[in-house]
Amino acid sequence: MLNKLKGSYFARLMLTHMTVMLLLIAIVGGLLLEKTGRMMTEELRMTGESRITSVKQKLERDTLESYHAAVLNRALSTVRPEVENDITFFLEHGKGESYYRVAQFAQGLKTLTFTLPLLHNISFYFQKDDFLVDEYYHVSPDTSPQAELLRGEEPIVPHKWYTRTVRAEDQDSDEQTTVLTYIHTLPFLAKGKQIRGYMIVDLDAAKVFAAAAEQLGHEERMIIYDRNGVPVEQSGEVDAATAQWLDGKLGAQQGTTLKLGEEVVTISPADASLFGWQYALIRPQYSSLLMTQRMKYDIGVIALVLLLFGLLISVAASRQAYSTYSNVVKRIRTVTGLNKRSSKQNEMGFVEHALGYLDQQKRTYQQARKEKQWRNLLSGAAQSLDDELLLPEANQYVTVYIELDGVDSERFYSLLQQEPAGAEVRGDWITLTKTTAFWVLMTELDPERLRSTIARSLEHAAHEAGASVRYRAGMGSAADRREDLPGAAVEAQTAAKYGFLEPGNTVLRFEEVQHRRAVYPDVNLEAFELLLRSGSVSEVGQFLEAGEAALRASGHTMEMVELVTMQLKLCIAKVRMTEQDGSSENERTLRRLPFTLAETMEQLREQSAELVLGRTEKRNERKARILADIQGYIQENIHEDISLDQLTELTSYSKQFICKLFKDELQMTFVDYMTNERLEKAASLLVLTDDSIGRIAERSGFRSSQYLATKFKAKFGVSPVQYRQASGENRLEFNSGCSKL
């Protein structure tokens, strides 16, 4: 009962109490704060100028001087020790043919830009050969963001900080960015005709101001105006009415503190700024730091009264709310289909359970949508993507296509996620079929290291899945944009196909197979057909071995390899049809589809040998061999539901032929043979293992333990449990007798 009240009625009661209490405290507290308004305003006037001075010092002195020292004394040499030699070389010789040196220099500047968070851009202009280097190499300054500065009519002012606006990095964009610029002459501190270039340092004014504005309180806002009264930067949101009011107070009101409604505005004089800026600080009149001890006491007494009064109100309100809440809970039960037993404590516990259930449904739905978006993107159907993209953003995508044998793709991925070293190659898994999938990785590893990491992760998952698991994987080219993924997916699929030529598990890159020759291999099909009709088994085997070696060493495309293997199969089928004199029996044996070229050629050798031997075999010997193949397949797959339809599909023999084969050779029907083999398997497991009866029924191919018990007793005269007990007693008696001996 207490748990139920705690989760529903009591929770609603406390919620109502807290709501009423906070509302009343806010109303009365506002009156008390109004009473101390003058005191707070006076305090703000005294601290406003001090706060502006602190921000101005941080913005115009400390930050600029620290970046000036960082760029000159440490940053460039830290990023690349040879940078001073490069600068001297370019000043004296120009770029010449040293494009590699230019590229290295540009890469160092790019790294420096990422290293210094406030740095917008750093550029080096060299008069020799008239070129400029920033993050990129510019043959002429006219193509660079510094074109207006270097080619403009205004003279260049070195060794001084000043503000200017520059065009965004996208040359087609009209967006302007305010920067703080410092120009060094090259060689450093050169003057007049000694100047042979410039180092231009641009700091992002918005970021510099944001760093300085961190000293402000969370309720304080600041606006910076230039000499013309135009806003340069600001922290926090300022409504249009306040901004318009400030525009009318600038200039004549420098160095004053004004009141604006419930706020206090302090304006600093422009002549005290390095850039001639005016700073306007907007602060509220109330602050917890300005509360007096008397005010705290008054609020405490009033809060206690409000707490008692709110408690009375909440009791009455919660009674009404609880009936509505109960109806909502009933509705949730109906919509979600969850019964009352899903939450044994109270309605609140049930709602939490229902919300968790709905959240799980949402995650499942979003995961399905995400996989669908990946499939559409990888297949090139980008127009089918939803408005809300769930695909992750990355600087580089690598697509891996995987084909599996012996395990389904979902289980393989679950094992793949358990690989500790696979953290470097985490990505999204997109299942295509039961045995094929895409693995989209978000990583910037170099191709060779990435391939070795992928191979290690796949090998770990294959080892965990079982010794019979095999895979072949292909890597496409790295894509910088999601729009390039369809092409990368095709490359990955193409590379994976060539794993067919490898003897074991492999990961191939598209670059390794894209230049193979589309030339037909030198394979004499007429000679192969002649050997099938009149040659020996060894001669046919030698021909196929030579053909396999040619396919591996020739460097032909996969299409050519598939064409040759298909033609070899057609030759065998052609000779089989003519050699069997119209017989409907097919000599194909039971086996899985080949996963590698070695398996394919081995299958062709077996079929060819079988065909050659079939020319002299007696019919009854061939039937015995066919029956042995079927019996071997049944023994290997006794736990599965094997039917005549399945055997017909795998062997191409008719149902009538298979049934007649069992009747003539074994004097029993196919069904009786399957039942007898399953019972013998179950009897063996009862003696050799400690598995449960249900597990033994599953391993021996019975639908249930009850069905096993019925059939077992009909054959052996005892139940499976009695059979196991009797077998155990016999073992004990045997062991006892041996010990006496």
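1. In this predicted model, an open sheet is built from 5 strands, ordered β13-β14-β12-β15-β16, with mixed pairing. The edges are β13 (427–431) and β16 (506–509). Each has a single partner strand, so one side of each lacks a neighbour in the sheet. From one strand to the next, the twist averages 20°.

2. Look next at one pair inside this sheet. Strands β12 (residues 397–405) and β15 (residues 470–475) run antiparallel to each other and share 6 bridges.

3. Two helices deserve attention here. Helix α12 (residues 447–465) packs on the sheet and touches β12, β14 (436–442), β15 and β16. The direction of α12 makes about 160° with that of β15. Helix α13 (residues 485–497) lies across β12, β14, β15 and β16. Its run is at about 35° to β12.

4. L415 sits in helix α11 (residues 409–416). Is L415 buried or exposed? L415 is buried: its relative accessible area is 7%, and the cut-off for buried is under 20%. Leaving aside neighbours within four places in sequence, L415 is in contact with H460, A461, E464 and A465. L415 and H463 are 48 residues apart in sequence, yet their C-alpha atoms are 9.4 Å apart in space.

5. Now the nonpolar cores. The largest one has 42 residues. Within it, F105, F124, F126, L180 and L203 have the most contacts. A second core is separate and has 27 residues, including L501, L531, L568 and L611.

Conventions. Residues numbered from 1 in each chain as written. Predicted model: local features only at pLDDT ≥ 70, side-chain atom pairs only at ≥ 80, totals over all residues. Heavy atoms only, no water. Pairing = 2+ DSSP bridges. Helix = DSSP H or I, 4+ residues; strand = E, 2+ residues; numbered from the N terminus. Axes fitted to C-alpha atoms, helices over the stretch in contact; angles between N-to-C directions. Contact = heavy atoms within 4.5 Å. Core = buried A, V, L, I, M, F, W, Y, C linked by side-chain atoms within 4.5 Å. Buried < 20%, exposed > 50% of the residue type's maximum accessible area, 1.4 Å probe, protein only.
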